Structures are given as C-alpha cells and as structure tokens.
Amino acid sequence: MSQVIISVRNLVKKYGQFEAVKGISFDVQEGEIFGLLGPNGAGKSTTLEIIETLREKTSGEVTVNGFNLDTDPNEIKKIIGVQLQTSGFYPGLNLLELVDLFAGLYNRSVDPRELLKSVNLEDKAKNKYKELSGGQKQRFSIATTLINQPKIIFLDEPTTGLDPQARRNLWDLVKHIRAQGTTVIITTHYMDEAEVLCDRIAIIDSGKIIAMDTPDKMIDALVATGFERPKEVKKANLEDVFINLTGHALRGE
Ligand SMILES: Nc1ncnc2c1ncn2[C@@H]1O[C@H](COP(=O)(O)OP(=O)(O)OP(=O)(O)O)[C@@H](O)[C@H]1O
C-alpha cells in the first residue's frame, strides 16, 4: 500500500492583490515521481517553494511526512532535498570541494566521489561549476539535493534549456533516484517529459489544478471523448534522427 508523503489542502498564495495559487489540493504518494505540469506563470514554482519551506503561504494546510508546515518546518527541512541556488556554488571551488562544503552545512558525512559518480560526474571532480556544460550543471545540482539523504527531492524545471540527449540522460537519473526509494516532485512545462517521467501529474493553470491523474489515464480519457490526433505520416521525427545519429549515451561533453 502506498502512503501519502505530501498532502496539500486548499493552498492559497497571494502576492499583494494577485492570487498566484488559488486553493489547490493534492497528495503525493511515497516513492512516486509526481509532476506539476503547467505553462509559465501557472504557479508551479510558488507551490513547490511553499512545500520546501522557502516561501510563506497565504492560507491552506501542508503536511510533509506527517509534519505540519506551520508547526514543524525544521523537521520538514531535515527530510527534503532542495536544489540550491547556483549562486551558492562558490566560483573558486571544484565539485569535490563544493560537495564537502554542502555536506558540512548539512552536518552529513558523504563520500564526494561516490556522490559525483552517482550523477556521472566523476570525471569532472576537479572542475569548477562554471566549467560544466548545461546538462552537467543540472546533474551537479541534482547531486546536491541528495547530500542529506532525503526522503523527497524537489526539482524545479530541471531540463529547461538542455539538448535532447542531456534531457533523456537526466530522466534516467531521476528514475534511478526514484528506484532507490526517493520520492520526487518535479515541475515542468514539457509534455513529453511529464509523459515519460511522471507516475502522476497535476496540470496547473492560472493557479488552479485543472486535472490530476496518471499520464496514461489522462490520455485514455481524452481518447474516450472521441478525440483523435491527426495521423502521423512518418514513424519517426527529427528528434529521433538526432538521437539516432548522436547516440543516447553521455558524451564527453
Ligand atoms: N515574488 C513575487 N512577487 C509577485 N508576484 C510573483 C512573485 N513570484 C511569482 N509571482 C507571480 O506569481 C505567478 C506564478 O509564478 P510561479 O513562478 O509560481 O509560476 P511557474 O508556474 O513556476 O512559472 P514558470 O514556469 O515561469 O517558472 C506569476 O504570475 C508570477 O509573476
């Protein structure tokens, strides 16, 4: 039986007069990849940051692993992994030193080389953050969410700006992290990403959840209404060509 690890009830966030989040409710099950899918400005980051204890809510109830956000934010902080602002990645330090630094902040002992290996960055251990490619930067950022061995990690648009290989690579990484038992909550505005990666998604638009289910069931429900997509003439698209030519595996980047 799966268990609810995050419960959000009637969450509202106002910025002055503007209501960015308009009373949304959802549950995240332990061990799933849950996606908040929506266009720019829908309120995804705001919702995520409230659950992460980084932003004040206006009203509503949030519980994470049984801890109430209002009364036990510090207990919540202990069990979640948050992507650190890249401004915290001191320019003079290499990746090993940065991992050591963050481990110290979290009061955890981690093997920096093992951690970098888990995100395929062992070759870049002595490089500085600014020397990484976009995909490598994202993988390093995800590695930093794992330092405190969290039960839940939060990923805010982790693949924005990445090329198709780097995106697929990151999807594999996120699936791998989930396979280790970590719950993942992710925001995205890419439909293909939500479809391949998320066990369940909430589609959020103008601060409201307008649909919530597994991607499969959402598609089946649409098809059941008689909806039919224009027939694809070709059995592959340009992205398939690109991946086929350049390979799916990590490049030297
Ligand atoms: N600090 C702030 N002050 C005022 N308005 C804000 C603030 N932060 C966000 N907003 C507004 O709240 C709405 C939701 O923003 P949010 O960043 O949560 O959206 P999002 O779904 O994450 O979008 P994106 O994909 O563009 O990041 C937007 O209209 C945004 O302009």
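## The shell around the ligand

Ala, Val, Leu, Ile, Met, Phe, Trp, Tyr, Cys and Pro count here as nonpolar, Asp, Glu, Lys and Arg as charged, and the others, Gly among them, as polar. With that in hand, the shell around the ligand in this predicted model has four nonpolar, seven polar and one charged residues.

Who are they? The residues around the ligand are Tyr-15, Phe-18, Ala-20, Gly-38, Asn-40, Gly-41, Ala-42, Gly-43, Lys-44, Ser-45, Thr-46 and His-189. Two elements, strand E2 (18-29) and helix H1 (44-51), each give two or more residues to this shell. Helix H1 gives the most, with three residues.

## An open antiparallel sheet

Let us turn to the strands. Strands of a sheet pair through backbone hydrogen bonds, either parallel or antiparallel. Here, four strands make an open sheet in the order E2-E1-E4-E5, with antiparallel pairing. Strands E2 and E5 (67-68) stand at the edges and have a single partner strand each, so one side of each is left without a neighbour in the sheet.

Strand E1 (residues 4-15) and strand E2 run antiparallel and are joined by nine bridges.

Strand E7 is mostly covered, as four of its five residues are buried.

Does the length of helix H6 fit its residue count, or depart from it? Helix H6 covers residues 164-179, and at 1.5 Å a residue its 16 residues should span 22 Å; the end C-alpha atoms are 23 Å apart, which agrees.

The buried residues in H6 are Ala-166, Arg-167, Asn-169, Leu-170, Val-174 and Ile-177. Seen down the axis of H6, these buried residues fall within an arc of 160 degrees, so they line one face of the helix.

Just after H6, Gly-181 takes a positive phi of about 105 degrees.

Is Glu-193 buried or exposed? This residue has its place in helix H7, and with 22 C-beta neighbours inside 10 Å it counts as buried, because the cut-off for a buried residue is 20 or more. Leaving aside neighbours within four places in sequence, Glu-193 is in contact with Thr-159 and Thr-188. Glu-193 and Thr-159 are 34 residues apart along the chain, while their C-alpha atoms are separated by 8.8 Å.

Asp-163 is found in the loop between E7 and H6. With 15 other C-beta atoms within 10 Å, Asp-163 is partly exposed. Asp-163 and Gly-134 are 29 residues apart in sequence and 8.8 Å apart in space, C-alpha to C-alpha.

Most residues other than glycine have a negative phi. Two residues are therefore worth a look on your screen, given that general rule.

Thr-53 has a positive phi of about 70 degrees although it is not a glycine. Its place is in the loop between H1 and strand E4 (59-64), and with 18 other C-beta atoms within 10 Å, Thr-53 is partly exposed.

Asn-65 is found in the loop between E4 and E5. The phi of Asn-65 is near 50 degrees, a positive value in a residue other than glycine. With 19 C-beta neighbours inside 10 Å, Asn-65 counts as partly exposed, since a buried residue needs 20 or more.

Note on methods: Residues are numbered from 1 along each chain as its sequence is written. This is a predicted model: local features need pLDDT of at least 70, side-chain atom pairs count only at pLDDT 80 or more; totals for chains, interfaces and linings use all residues. The expected span of a helix is 1.5 Å times one less than its number of residues. A residue is buried if 20 or more other C-beta atoms lie within 10 Å of its own, exposed if 12 or fewer, and partly exposed in between; C-beta atoms are placed from the backbone. The arc is that of the directions from the helix axis to the C-beta atoms. A residue is near a molecule or strand if its C-beta atom, placed from the backbone, lies within 6 Å of it. Two strands pair if DSSP finds at least two bridges between them. Two residues are in contact if their C-beta atoms, placed from the backbone, lie within 7 Å.
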